[in-house]
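Hello,

Here is the structure I promised to pass on.

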Amino acid sequence: MSHPVKVKSRITIRPKNSQDAITIYNALKPDDKPLPRGLFVETRQENDAVVVDIVCERGLASFLATVDDILRSAALSEKAAEAIRTKI
């Protein structure tokens, strides 16, 4: 019986400013839990960066979908923060 691939990754997002880092962190952190068995995601803020650690034992497709979700959410929250800043 073969075991699924285990993939570990760290994504470090360095936004333009600390306020965007807070916005991105707040957008991503709620998705850390609950997660399906075999998937671990931990989001934290380090200075002006957002760091996301991922461990996936559900195969490459699940890992890629998780990374895609994280990056899309980060990009959307950054874009929203920029739109709000330009309106103020």
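Let me start with the charged side chains: Arg 10, Arg 44, Glu 46 and Asp 53 are linked in a network of salt bridges, a salt bridge being a side-chain nitrogen of Lys or Arg within 4 Å of a carboxyl oxygen of Asp or Glu. Before going further, please note that this is a predicted model, in which local features need pLDDT of at least 70 and side-chain atom pairs count only at pLDDT 80 or more, while totals for chains, interfaces and linings use all residues. Residues are numbered from 1 along each chain as its sequence is written, and side-chain values use heavy atoms, with hydrogens and water left out.

Asp 53 is buried, with a relative accessible area of 14%, and Arg 44 is partly exposed at 24% (buried means under 20% relative accessible area, exposed over 50%, partly exposed in between, with a 1.4 Å probe and protein chains only).

The whole structure has 9 salt bridges. Another of them joins Lys 6 to Glu 57, with the closest N and O atoms 3.5 Å apart. Lys 6 lies in the segment before β1 and Glu 57 in the loop between β3 and α2, so this pair ties together parts that are 51 residues apart in sequence. Helices (H or I, at least four residues) and strands (E, at least two) are DSSP runs, numbered from the N terminus.

Now to the nonpolar side. The largest nonpolar core has 16 residues, and Ile 11, Ile 13, Leu 28, Val 50, Val 52, Ile 54 and Ile 70 have the most contacts inside it. Such a core is a set of buried Ala, Val, Leu, Ile, Met, Phe, Trp, Tyr and Cys residues joined through side-chain atoms within 4.5 Å. At least two of its residues come from each of β1 (7–13), α1 (18–28), β2 (39–46), β3 (49–56) and α2 (60–87). Leaving aside neighbours within four places in sequence, Val 50 is in contact (heavy atoms within 4.5 Å) with residues including Ile 11, Ala 21, Ile 24 and Leu 28.

Which residues of α1 are buried? They are Asp 20, Ala 21, Ile 24 and Leu 28. Seen down the axis of α1, they fall within an arc of 105° (taken from the directions from the helix axis to the C-beta atoms), so they line one face of the helix. Their cover includes β1, β2, β3 and α2.

Best wishes
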